[in-house]
Protein chains: 4
Amino acid sequence: MLDELKKEVLLANKSLSENGLVTLTWGNVSGIDKQSELVIIKPSGVPYEELTMENLSVVNLDGELVEGKKPSSDTPTHLLLYKRFPEIGGIVHTHSPYATSWAQAGRDIPVLGTTHADYFYGSIPCTRPMTETEIKDNYELKTGHVIVEAFKNRHYKETPGVLVHGHASFSWGSSAKEAINHTIVLEEVAKMGMWTEQLKGDVLSIDRALLDKHYFRKHGKYSYYGQN
Amino acid sequence: MLDELKKEVLLANKSLSENGLVTLTWGNVSGIDKQSELVIIKPSGVPYEELTMENLSVVNLDGELVEGKKPSSDTPTHLLLYKRFPEIGGIVHTHSPYATSWAQAGRDIPVLGTTHADYFYGSIPCTRPMTETEIKDNYELKTGHVIVEAFKNRHYKETPGVLVHGHASFSWGSSAKEAINHTIVLEEVAKMGMWTEQLKGDVLSIDRALLDKHYFRKHGKYSYYGQN
Amino acid sequence: MLDELKKEVLLANKSLSENGLVTLTWGNVSGIDKQSELVIIKPSGVPYEELTMENLSVVNLDGELVEGKKPSSDTPTHLLLYKRFPEIGGIVHTHSPYATSWAQAGRDIPVLGTTHADYFYGSIPCTRPMTETEIKDNYELKTGHVIVEAFKNRHYKETPGVLVHGHASFSWGSSAKEAINHTIVLEEVAKMGMWTEQLKGDVLSIDRALLDKHYFRKHGKYSYYGQN
Amino acid sequence: MLDELKKEVLLANKSLSENGLVTLTWGNVSGIDKQSELVIIKPSGVPYEELTMENLSVVNLDGELVEGKKPSSDTPTHLLLYKRFPEIGGIVHTHSPYATSWAQAGRDIPVLGTTHADYFYGSIPCTRPMTETEIKDNYELKTGHVIVEAFKNRHYKETPGVLVHGHASFSWGSSAKEAINHTIVLEEVAKMGMWTEQLKGDVLSIDRALLDKHYFRKHGKYSYYGQN
């Protein structure tokens, strides 16, 4: 069942550690099958090298386990994002160190260069801190809610990632593989953003014209990057 | 004798360098057999690639060599911790660079995010500086004493690691393998803590509710992380 | 056709990722055949591991595709540099993190030590920000223009690299291979320059005598470094 | 001739890049045969992977080539150190990034922890800047002179390394292998020293008692570290 998607989610989870994006078991990738509305996600606490097609968790959008091991404790966050951001095909959550440091600092990552503009059309938001009530009651679901709240004035397809305040990042894309790429970009711009500030404290976002140029040479109908 | 424990301690010592937690021979791992009260520990000054089941040191709680090579010069610190923190099964000492930098700065590592809260229930303490007398007389034993002193108001099982002022870290756990995991976590939160401060100087600890949520979703009877 | 040059450009593109100078597909290397005035360059959006002698793009100096896949979107920048800096044999563009952070900070890299002086005879310039008109109209060509403008008062052979404001670096050399070496040097001096400033805020450039000594012991007719 | 020493110098040169201590060809290791007063040193500009027993340079203390390829341009510095620091058996020069950043900042590395105290009995000095005359006339020899000058009030055996102002480090030891170890230590304490300052600006050197304890538990007749 869903063998192709399982394979993609399996490879994406393993690529987290191959790309240096994860420590121990602190990250998980999921993918959704739009037809059946089933989500494949990393099982909770299982090391990446022990993941197989068989032990991956399959859950429905109500969070009920359909197949495999007990799913990641972050599953309710993933499920909410699939419901509220309907064109997403894959989601990555991980504690990669630079992005996590921005999340711990509680700061949005400003657009400081074209590397950022090539993938994220504007700053990468950090959510507001969660309230004590949100933390105590259905924490993982409420984590999804504060993420969605951060996208009130921006589009999830143009900004395919977020920092959860005091926690770490979530990234997404049309597929698990694209979500991994966005995670790589997020970590890289987090790193270069920190260094840029260290070189010049009062650094400003790049001009709108440069943001537009780089974002739209890669996205949308006037894009001209790549082979298509 | 104690072959299973020896194997675990051997692998744990080798994993120090595989995980980038050690330079040259600046780290050692031990494990205790509760039944016989014998401790297996890295021999002094032996490179990790030369460690074998045969040359590992076996000592009793009085520090007497029972088998193998001359034990690590840090053995008296390990032995004191086994005596005073009775539920510990394994201990790691290493000069990993981020944790050591906090130790050299003489600072506790505050709880700046959920990565920390997942493993350490509160800040990771730095001991007070040792006195000249403590340094000159039974230095390695007194190192154990200042560690124990730092745990007067916290529990060693909830905070499985410490920074020794001007020196480096000790971490522990129910086994040598768990102690290695805690060392990995300590180094990672030391790194992200430094970067978080660089991004936002006056960064505060996360709220108690978030600390509780993350610590207790992984520990204790209401935990729901992992497959059990 | 041009098999030797293709091979060199192929290896140089692959060496970008082997040397940790590139993330995803954010870099491209080209080489020129002076006889035929044909330029070999990385095709747009193709991962480094999929590059072959066959899919490399061959273009003439007017930017017309002669052979292979659609060339890098940065091709007009490369072509302008070949026209204006006639003794260049190879060009590298990449978003390596330290150099890119200086570009994002909009700063020249000063000569802070002999490592820099061994390869770059003076500071490594950062271009002025491009205007909205330059960005909107023929962006990649205009990127070349602002680079050339930055070399009004210095020689491109003595300073074989540049930072494009808010973007990333371009480096060059007598061949693609030498351009890769200059990219490695640029990234290394960008890194050490940042760290030097962190250790001593008001750090000054090294003395002219030391700059001359190191540059000219490796370059020009009085050089005495190496086997020739 | 001198096959054993050649082998050691060969391995030490190759270990520079294996330990991440060198970029391109920016480092060289030498060893001396006390009997014959011949020095084996890396040939100038040859990549580490092309080094063999046959192309290593053999020079006498007057700098005359006895065998092999043209020696490193830094040879006169090595030779002066062998003459003035008579108990040295091996020397390493390299531009490793953290040590070089301290050299570029023109600062001594203070003793901020026991890692440093285990190998260097006091701060690691940075030489004074060289004068224009020293730079223009016999530069590499004069580099040796300013190093020796920095040891007027300390012993080269207790402080087996130095930073040359605006340039990079030299380290030494009883053998080429020990010199490599001291280079590893120097780079590590340079890194942790920078980070310690970033965590606590006004950090002080450790107490004399702790410096003595750690240095002398590894060195001299009362040492008790290691298997002997």
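Start by selecting helix 2 of chain A, a mostly covered helix in which 7 of the 10 residues are buried. Here buried means under 20% relative accessible area, exposed means over 50% and partly exposed is in between, with a 1.4 Å probe and protein chains only. Helices (H or I, at least four residues) and strands (E, at least two) are DSSP runs, numbered from the N terminus.

A word on the model before we move on. This is a predicted model, in which local features need pLDDT of at least 70 and side-chain atom pairs count only at pLDDT 80 or more, while totals for chains, interfaces and linings use all residues. Residues are numbered from 1 along each chain as its sequence is written, chains are lettered from A and ligands numbered from 1 in the order in which they are written, and side-chain values use heavy atoms, with hydrogens and water left out.

**Stop 1: around helix 2 of chain A**

Show the side chains of A:Thr75, A:Thr77, A:His78, A:Leu79, A:Leu80, A:Leu81 and A:Tyr82, the buried residues of helix 2 of chain A. What do they pack against? Their partners in chain A are strand 1 (27–33), strand 2 (38–41), strand 3 (57–60), strand 5, helix 6 and strand 7 (169–173), where contact means heavy atoms within 4.5 Å.

**Stop 2: aromatic pairs**

Over all chains, the structure holds 40 aromatic pairs. Rings of Phe, Tyr and Trp (its six-membered ring) pair if their centres lie within 6.5 Å; planes under 30 degrees apart count as stacked, over 60 as edge-to-face and the rest as tilted.

Select A:Phe85 and A:Phe151: their ring centres are 5.5 Å apart and their planes stand at 65°, so this pair is edge-to-face. The pair links distant parts of the chain, 66 residues apart. A:Phe85 is in the loop between helix 2 (75–84) and strand 5 (90–94) of chain A, and A:Phe151 is in the loop between helix 6 (139–149) and strand 6 (161–163) of chain A. Buried or exposed? A:Phe85 counts as buried at 4% relative accessibility, and A:Phe151 counts as buried at 6%.

Now go to chain B and pick B:Tyr121 with B:Phe216, an edge-to-face pair with 5.1 Å from centre to centre and 65° between the planes. B:Tyr121 lies in the loop between helix 4 (114–117) and helix 5 (132–136) of chain B, while B:Phe216 belongs to helix 8 (residues 208–218) of chain B, so the pair ties together parts 95 residues apart in sequence. B:Tyr121 is buried, with a relative accessible area of 17%, whereas B:Phe216 counts as partly exposed at 35%.

**Stop 3: charges over rings**

Stay in chain B and select B:Lys218 and B:Tyr225: the charged end of the lysine sits over the tyrosine ring, 4.1 Å from its centre. The term requires NZ of Lys or CZ of Arg within 6 Å of the ring centre and within 35 degrees of the ring normal. In chain C, the charged end of C:Lys42 sits over the ring of C:Tyr48, 5.2 Å from its centre.

**Stop 4: the sheet of chain C**

Colour the strands of chain C. Which order do they take? The 7 strands form an open sheet in the order 4-3-2-1-5-7-6, with antiparallel pairing; two strands pair if DSSP finds at least two bridges between them. Strand 4 (65–67) and strand 6 (161–163) of chain C are the edge strands, each pairing on one side only. Neighbouring strands of this sheet are turned by 25° against each other on average, direction ignored.

Zoom in on strand 3 (residues 57–60) and strand 4 of chain C, antiparallel and joined by 2 bridges. C:Val59 stands opposite C:Leu65 in strand 4 of chain C.

Next, select helix 7 (residues 176–199) of chain C, which lies across strand 1 (27–33), strand 5 (90–94), strand 6 and strand 7 (169–173) of chain C. The helix runs at about 135° to strand 7 of chain C; axes are lines fitted to C-alpha atoms, for helices over the stretch in contact, and angles run from 0 to 180 degrees between N-to-C directions.

**Stop 5: across the chains**

Finally, show every chain. A rotation of 90° with 0.0 Å of shift along its axis superposes chain A on chain C, with an RMSD of 0.0 Å. The two copies are thus related as by a four-fold rotation axis. Superposition is by least squares on the C-alpha atoms of residues with pLDDT of at least 70 in both copies. The copies use different surfaces: 3% of the contact residues of chain A recur in chain C.

Which residue of chain A comes closest to the rotation axis? Select A:Gln198, whose C-alpha lies at 5.8 Å.
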